[in-house]
Amino acid sequence: MKIATYNVNGINGRLEILLRWLKEDAPDVVCLQELKTDDARFPRKEIERAGYGAIWHGQRSWNGVAILAKGKTPILTRRGLPGDPDDTHSRYVEAAVDGILIGCLYLPNGNPFPGAKFDYKLRWFRRLQEYAAELLELDVPSILAGDFNVMPTEIDVYKPERWLDDALFRPEVRKAYAHLVAQGWTDAVRHLHPGEHIYTFWKYWRNSFERDAGLRIDHFLLSPAVAPLLRSATVRRKPRSWAHTSDHAPVMIELDFSAAGADL
DNA sequence: ATGCCATTGAAACAATGA
C-alpha cells in the first residue's frame, strides 16, 4: 500500500500537475494540503475520473486539506482538529482507509517570529499533541501525515544557521515536534534514512531546487502498530521539476500488510 | 538578509506562503 502526502499549493491551479503525478506514481492514498479552494470548487469530478474517491475540508483562498483513495471513498472520521471551536482554518481532516486512521494536517507556518501567527502555531501544535496522544491511547493503527512546517533537526535544512529565527525552525517548534514524536510515533523518512539530507520543499526563486537548497517539512508519523509495516519512504522529486508546479514535492511511503505479525 | 516567486480574490493591488 502506497500512501503519499503532497502540499499541492492550489489544487485547481495545479490540477494538471496533480493528475499527472497520480498517474505516474499511482499512490493508493494521498493526503493533500493547501487546496486553496472552498468546498464547492473542489475538483471532485476530475479526481474521480482519475480513479480516486475523496473527502475534503476546504477554505476559500487559503489552507484546505483532502484525502484521496484509489478505487474507494475514504470514510470521513473528523473535520478540523479538536481543542479550539474558534479556529476557523481548515487544517485537519481525517479518514479511515483499509483499517488505518489517516490524519491529514497542514500545520500553521507561524511567521513572522515573534508575533500572533507564531503564537497560533504553538497553540495548534499543542492541540495536535493532545489529540495525537488520544489516538495512541485508543490504540488505533494511525498515520499523521502532512505539511508540519517544521524542520525537525539541523540536517533537515540546507543552511541551518540562516533559519534559526524562522518560525519553521525556532527551538520551541522543534521541541514541539520532538515531543510529539516522543509520544511513540515513528518519523517514517528519518527512520529509514538516518543521517541523510532529505528535503521536501524548495523555494521557487534563486534556483533553489536545482541547487538542492531545500527543507524537510512534510512528514509521516506512524503509530506503533503501523511502524513495523514500513518498507520504504521516499521524496518524489520529479513532479517538483515540472513547469508551474508546487514548491513542495510529494512524499510517499510503502506499507507491507503481509509482514509477519500484521493484524489490521 | 531579503517572498528575489507564485497564487488567490478582488480590483489592478493586498494577503499569504516558508
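User: Where does Pro114 sit?
Analyst: Pro114 is in the loop between strand 7 and helix 3. Helices (H or I, at least four residues) and strands (E, at least two) are DSSP runs, numbered from the N terminus. Keep in mind that this is a predicted model: local features need pLDDT of at least 70, side-chain atom pairs count only at pLDDT 80 or more, while totals for chains, interfaces and linings use all residues, and side-chain values use heavy atoms, leaving out hydrogens and water. Residues are numbered from 1 along each chain as its sequence is written, with chains lettered from A and ligands numbered from 1 in the order in which they are written.

User: OK, and the peptide bond from Phe113 to Pro114, cis or trans?
Analyst: That bond is cis, with omega near -5°. Asn111 and Pro112 are also joined by a cis peptide bond, with omega about 0°. Pro112 lies in the loop between strand 7 (100-106) and helix 3 (116-138).

User: Which side chains are by a phosphate oxygen, and at what distance?
Analyst: Among them is Arg60, with a polar side-chain atom 3.1 Å from a phosphate oxygen of DNA strand B. Arg14 has a side-chain N or O atom 3.2 Å from a phosphate oxygen, and for Asn149 the distance is 3.2 Å. These are polar contacts, meaning pairs of N or O atoms within 3.5 Å; within protein, one must be able to donate a hydrogen and the other to accept it, and residues adjacent in sequence count only if both atoms are side-chain atoms.

User: Back to Arg206. Buried or exposed?
Analyst: Arg206 is exposed, at 64% relative accessible area. The cut-offs: buried is under 20%, exposed is over 50%, and partly exposed is in between (1.4 Å probe, protein chains only). Arg206 sits in the loop between strand 10 and helix 6 (208-211). Its phi is near 55°, a positive value in a residue other than glycine. Asn207, also not a glycine, has a positive phi of about 50°.

User: How many aromatic pairs are there?
Analyst: Seven. Rings of Phe, Tyr and Trp (its six-membered ring) pair if their centres lie within 6.5 Å; planes under 30 degrees apart count as stacked, over 60 as edge-to-face and the rest as tilted. One of the pairs is Tyr6 with Trp21, edge-to-face at 5.2 Å centre to centre and 65° between the planes.

User: What does that pair tie together?
Analyst: Tyr6 is in strand 1 (residues 2-7) and Trp21 in helix 1 (residues 15-25), so the pair links parts 15 residues apart in sequence. Tyr6 is buried at 1%, and Trp21 is buried at 1% too. Tyr158 and Trp163 form an edge-to-face pair as well, 6.3 Å centre to centre with 75° between the planes.

User: Where's His197?
Analyst: His197 is in the loop between helix 5 (188-192) and strand 10 (201-202), and it is exposed at 52%. Its side chain reaches the backbone oxygen of Ile155 at 3.3 Å.
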